[in-house]
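Thanks for coming, everyone. I'd like to walk you through one structure this morning, so please have a look at the screen.

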Amino acid sequence: MSSTTTTHGHESGHHHGPPRGWRRWLLSTNHKDIGTMYLVFALVMLLLGGAMAMLIRAELFMPGIQLMEPDFYNNLVTNHALIMVFGAVMPAAAGMANWMLPMMIGAPDMALPRMNNMSFWFLVAGGVMLVLSMVVPFLPGGGTPVNTGWTLYPPLSVQVGMSMDFLIFTVHLLGISSILASINIIVTIMNCRAPGMTLMKMPIFAWSWLVTAFLLILIMPALAGAVTMLLFDRHFGTSFFNAAGGGDPVLFQHLFWFFGHPEVYVLLLPSMGIVAQIIPTFARKPLFGYGSTVGAMVTVGTIGMLVWAHHQYTIGMSLAAVTYFMIGTILISIPVGLLVFNFIATMWRGAMTFETPMLFAVAIILLFTFGGLTGVMLAVIPGDIQYHDSYFVVAHFHYALIPGALLGLYAGTFYWLPKWTGHMYDERLGKLFFWMVMVGFNMTFFPQHFLGLAGMPRRIVDYNVMFTEFNMLSSVGAFLFGAAHLVLLYVIVKCVRGGAAATDKVWEGAEGLEWTLPSPPPFHSFTTPPLVR
Amino acid sequence: MCSLDPCRQGAGRAAVATMLLTGYSAARAELGYNLPEPASLGARDIYDIHHLTTTVVAVLLAIVVGVVGYSLYTHRKSRGFVADQNLHKGRFGRWSWVLIPVVVLGVDMTIAGKAEQVLESLWEVPKDKEMMEVKVTGHQWWWEYEYLDQGIRVESRYTPEEQSRDLYLREVDNRLVLPTHTRIRFLHTSADVNHAFWVPEIGFKKDAIAGYITETWTVLDREGVYRGQCAELCGTWHARMPIVVEAVSAERFSAWVEEQKLKMAAATAEASSDKVRSKEELMEMGRNLYNKNCAACHQLDGKGLPPAFPPLIAGSAFSGGESMTRPLEERGFLKDGKIVLGPVEKHLDIVINGIPGTSMQAWKQLNDLEIAAIVTYERNAFGNDSGDVIQPPDVGKARGAGVTASAQ
């Protein structure tokens, strides 16, 4: 790789190629190597979190408690969420940012390479702590498992054993990691763009990450503060959240959702950025409404910061407060509607072909629209006080986050795999994966809307026979959805190991600096800045 | 984790198998896929809003699917379609960023306007109207209903599958009986962790939060039995907190109130009589009370669910967090990692006042006879053959001591 000559006629990495052996990875300051590590970490966590989902659906296949203790079930519910959010989606998006941003904006590497290394290894430490929080309850004196759900609401989270302390430190480590990565991304985007690349000429994926990075820096401290107060309540006799000591259990909910709601957009925006890169490529025409797409992303991030309490309509807020949160939440449909509209208008009158990344992009438009629309139903308070904490909510947020975040990352994986590895992936297997995901995903989550409306609360280990049919259907769908990921794993491994050589441009309609570099690109992306007109 | 759970659902699985064999219809009347038919005025408004938003969602989704479907079919390279490179530069391209938000805002305001009207009447409890008041308290894992005007208190727990059969997890021992066509104000709170009161037919959901008392109100307008469940994750047995509301006519409600009052009076008289109880009598009564009140955590066989809930069997090993082990050691119930039978006074103290800072709650609402029976049972069952017999007056004395000793 070190002897590769780029199309720009300069030699790359001639003074030092990648170090050999474990040092290359442990001490890496290279954006591609760190990006790869992020992506591998995310894939491992995805499979782990997915395996937990399989256990959950296996337990819920029939009424009755067949496989596990209720608290272990609750622990699975908790850690499935945390692993998917903090272990799979965020690291995968960060890995793609690491790989692609310098290449997209014409930089040699990220602006702060050593910090890049640190943020990745903090992430690994956090991941280990997260897994340990599940393991400690099995050790002598380990206390009870975390049975609170990922929201960690006190007073329940104060009752939990030391596994909760592991989780609190997990959140601290992951928070540090996210903030460091965000600083790096902002500095890179602000300072390392090629000459002539103004902000409004930047690829939309870079914009999506710029907004995401600012969101992360604003919200992570709120969560870190909340769990620190929880730690103090648990061990040092404070009463931040203990009503008997003058504290307020609802305060935690506000702090949590001040983080938790913008977090949804943290998960969503990078994937929307990826979709906005993919559709123009496969429709062979420019993104419709570049300016309004940027504007919509910034607006989503801004309004998203101000509507957190729509997760807490049932706690007993004043009429004025809930009205504000309802109207604010409904208004988010405006920028999100604009995003979806721009995607459709980009397809409109294009010359489309349907390779795997484009299949995912089209599916995202349709399924995420549906997830967003049920979000409007939930924003409306009279409806929400029925739907709240029922399976309707479970269906809604999986329809928002799987198409909105996860499928976008799958699309990005297939879109960029040839660039990363220099090999084309197996298109037939890619399409097989896509269709398995479509059938499995919809079969899993669509019936859950009905379950919620019929009265099934979420996070229950056992249910009445009246909910059996839809739960069985949902479980069968989930097993198919899970099995699809074995195909994904196989496609990725096969592509890394070999395959037809990819051209520099890879896709006929691809535009942008990253496609001017060879596939795979040189160790240092652009050692001489390209000129952008 | 695949341990044998005492609550394996043999009958549940049999019911499912039957349903599969008979094609569902025999086992149950209909498949629930929408909100159930409302039974209160507020729930009817909510039902209408639900249908409005569902319709809007369906129409918008149909439009998006239609447009995308047309484009997918028409604008393909394989059909020889050449991309229109100037679509975004035309007038539509330049002004769509105004047009789309205006259209979406129009839809939003339609929905929000309707919702706002309903919201006000749901949210604000009428101040000037006569209301019947019911205080609803969530406990781990049962509901307590206090009829503040009638002076009645009802404890409501799930009934085990052997008794509830097909209604398992949707049936309770004591229902929340309410009169129809009466304004009812609910006061919601919790004794421990967060819970949430939810009966879809009544329409609303409200969290029960310790330290908070929140209010909701309703007017039930049709008689019937309405079932709901706790809707906020509250720990191990969150799934076992059903809520069953029985809406009856005002006359039947008055009759029910009288009946409850008589029962309570009889129980109080019984408990405060000076009669000396035999061990057999106390054991029999204690077993029933223990199974109802204590077995959720300490289990029917007294083995507990370590490390959260300690076993009650002397000699069994127990280790857990210090917040649990220390109070047990101080009270003389744990020595060298083994459970021991501590002094009777401390045993009474734990049951009456609970152990602050742990999930062991205070049971002072039980009467002297009931507590005497439970403690007698615990000290003689599960192989704890101490021979101790506790009489109701002993509990009365312990209560007095407890009041001065505890902070409350």
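**Domains, a sheet and some helix pairs**

Let's start in chain B, where the C-alpha centres of domain 1 and domain 2 lie 28 Å apart. Before I go on, this is a predicted model: local features need pLDDT of at least 70, side-chain atom pairs count only at pLDDT 80 or more, and totals for chains, interfaces and linings use all residues. Residues are numbered from 1 along each chain as its sequence is written, and chains are lettered from A and ligands numbered from 1 in the order in which they are written.

Back to those two domains of chain B: domain 1 covers 132–268 and domain 2 covers 274–405, with bounds that come from an automatic or database domain assignment. Where they touch, 8 residues of domain 1 of chain B are in contact with 5 residues of domain 2 of chain B; contact here means C-beta atoms, placed from the backbone, within 7 Å. On the domain 1 side we find 4 nonpolar, 2 polar and 2 charged residues. For those classes, Ala, Val, Leu, Ile, Met, Phe, Trp, Tyr, Cys and Pro count as nonpolar, Asp, Glu, Lys and Arg as charged, and the others, Gly among them, as polar.

Still in chain B, there is an open sheet of 3 strands in the order β4-β10-β9, with mixed pairing. Helices (H or I, at least four residues) and strands (E, at least two) are DSSP runs, numbered from the N terminus, and two strands pair if DSSP finds at least two bridges between them. Which strands stand at the edges? They are β4 (176–179) and β9 (224–229) of chain B, each with a single partner strand, so one side of each has no neighbour in the sheet. From one strand to the next, the twist averages 25°. Lying across β4 and β10 of chain B is helix α5 (residues 250–272), which runs at about 135° to β4(B). Axes are lines fitted to C-alpha atoms, for helices over the stretch in contact, and angles run from 0 to 180 degrees between N-to-C directions.

Now over to chain A. In the interface, 91 residues of chain A are in contact with 101 residues of chain B. On the chain A side, helix α12 (residues 356–379) gives the most, with 9 residues, and that side divides into 54 nonpolar, 28 polar and 9 charged.

Finally, two helix pairs in chain A. Helix α2 (residues 31–59) and helix α16 (residues 468–497) of chain A pack at about 160°, with axes 9 Å apart, and are therefore roughly antiparallel. The cut-offs are under 35 degrees for roughly parallel, over 145 for roughly antiparallel, 65 to 115 for roughly perpendicular, and oblique for the rest. Their contact includes L47(A) and G50(A) from α2(A), and S474(A) and F479(A) from α16(A).

What about α14 (residues 391–421) and α15 (residues 427–454) of chain A? They pack at about 165°, with axes 7 Å apart, which makes α14(A) roughly antiparallel to α15(A). Among the residues that meet are Y391(A) and F414(A) in α14(A), and F441(A) and L453(A) in α15(A). This contact has 12 nonpolar, 5 polar and no charged residues.

How values were computed:
Two residues are in contact if their C-beta atoms, placed from the backbone, lie within 7 Å.
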